[in-house]
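Trainee: Please take me through the features of this model one at a time, with the criterion for each before the case itself.

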Amino acid sequence: MTTTSTEPSLVLDSVTLVHGDGEETVTALDDVHLTVAAGEFVAVVGPSGSGKSSLLAIAGALVPPTSGNVRISGTDLSGLNRRQLTRLRRDHIGFVFQSGNLVPALTAIDQLRLPLTFGKAGEPRDPAALLAEVGMTHRADRRPHQLSGGERQRVGIARALITRPSLLLVDEPTAALDRQRSQEIVGLLAREAHQHGVATVMVTHDHNVLHHCDRVLEMTDGMLAEHTPDTVASSQPR
Ligand code: ADP
Ligand code: MG
């Protein structure tokens, strides 16, 4: 697998994703073009059903596009078999979900050690140092049920970053958090993206956190377009 640092971390080239077959088809992604550079933090907004999760599934090499081309750190996914796709996900991609998705029995520090047991090319980050970076050293020995929603999300982010992914995919990270925690979590994602060169794509409904992002895109009926600050403001609840 060849990887060059000059390549963008993620390229979607004319990607279309059609769910179903016969008469019951849904075009979840319609000719989507997207390039995300290393260290760039991109937000994707849009109404429910517009294709945001489909976009993350494609970018995460979880489903192949119906047509078009996906490249991750310079690797064209269309040439890879299942095994190679699994390895590419392990080595290049981190996922962060709405509620952290932590393993109930494991302490915070062990959540970070777990991905390291799956092996990976390259040097991982140090679990204790990364836990400190997300402000969780004082909770290292706690299990998920002993953590607040914001704390669980910090651990989830650290766990996703432990293997130094080139691409971080984040699905509604603040959906369960209050306004201040939301700012802290998205601020943390921005800092990690910028300081560690992690290309980050975050799906969100939360217009209050968009100022942390380098770019805001909007999905509408499977089509992706640049989002202007005016439309952001006008779509905020009053
Ligand atoms: P969002 O995340 O923005 O809510 P999705 O990507 O989940 O949107 O869905 C986009 C469209 O594709 C919706 O119309 C949805 O019903 C449809 N869809 C998503 N996944 C599937 C699937 N596995 N089979 C059939 N239709 C699907
Ligand atoms: Mg969704």
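Mentor: Helices (H or I, at least four residues) and strands (E, at least two) are DSSP runs, numbered from the N terminus. The model is predicted, so to speak of local features requires pLDDT of at least 70 and side-chain atom pairs count only at pLDDT 80 or more, whereas totals for chains, interfaces and linings use all residues. Residues are numbered from 1 along each chain as its sequence is written, chains are lettered from A and ligands numbered from 1 in the order in which they are written, and side-chain values use heavy atoms, without hydrogens and water.

Trainee: Which element gives the most to the lining of the largest pocket?

Mentor: A pocket is found on a 1 Å grid over the protein atoms alone, as an open set of points where a 1.4 Å probe fits, with protein on both sides within 12 Å along at least five of seven lines; lining residues have an atom within 4 Å of a point. Here S6 gives the most, with 3 residues. Helix H2 (82–92), strand S6 (93–96) and helix H5 (149–161) each supply at least two residues of this lining.

Trainee: How many residues line the largest pocket, and which lie nearest its centre?

Mentor: The lining has 14 residues, and Ile93, Pro115, Phe118, Arg159 and Ala160 are those nearest the centre. By class there are 9 nonpolar, 2 polar and 3 charged residues (Ala, Val, Leu, Ile, Met, Phe, Trp, Tyr, Cys and Pro count as nonpolar, Asp, Glu, Lys and Arg as charged, and the others, Gly among them, as polar). The space in this pocket is about 360 Å³, a volume being the space filled by probe spheres set on grid points joined across faces, edges and corners.

Trainee: Which residues surround ligand 1?

Mentor: A residue counts as near if one of its heavy atoms lies within 4 Å. Around ligand 1 these include His19, Val26 and Ala28, together with Pro47, Ser48, Gly49, Ser50, Gly51, Lys52, Ser53 and Ser54. The shell divides into 3 nonpolar, 7 polar and 1 charged. Strand S2 (26–36) and helix H1 (52–59) each supply at least two of its residues, and the largest share, 3 residues, comes from H1.

Trainee: In what order do the 4 strands of the open sheet lie?

Mentor: Two strands pair if DSSP finds at least two bridges between them. The order is S2-S1-S4-S5, with antiparallel pairing. S2 and strand S5 (75–76) are the edge strands, each pairing on one side only.

Trainee: Over how many bridges do S1 and S2 pair?

Mentor: Strand S1 (residues 10–19) and S2 are antiparallel over 7 bridges. Val11 stands opposite Thr35 in S2, and His19 stands opposite Val26; both His19 and Val26 also belong to the surroundings of ligand 1. The hairpin of S1 and S2 has 6 residues between the strands, and Gly20 there takes a positive phi near 80 degrees. S1 also pairs with strand S4 (residues 67–72), antiparallel over 5 bridges, where Asn69 is the bridge partner of Asp13.

Trainee: Which residue takes a positive phi in the hairpin of S9 and S10?

Mentor: Asp221 does, near 50 degrees, in a hairpin with 2 residues between the strands. Strand S9 (residues 215–220) and strand S10 (residues 223–226) run antiparallel, joined by 4 bridges, and Leu217 stands opposite Glu226 in S10.
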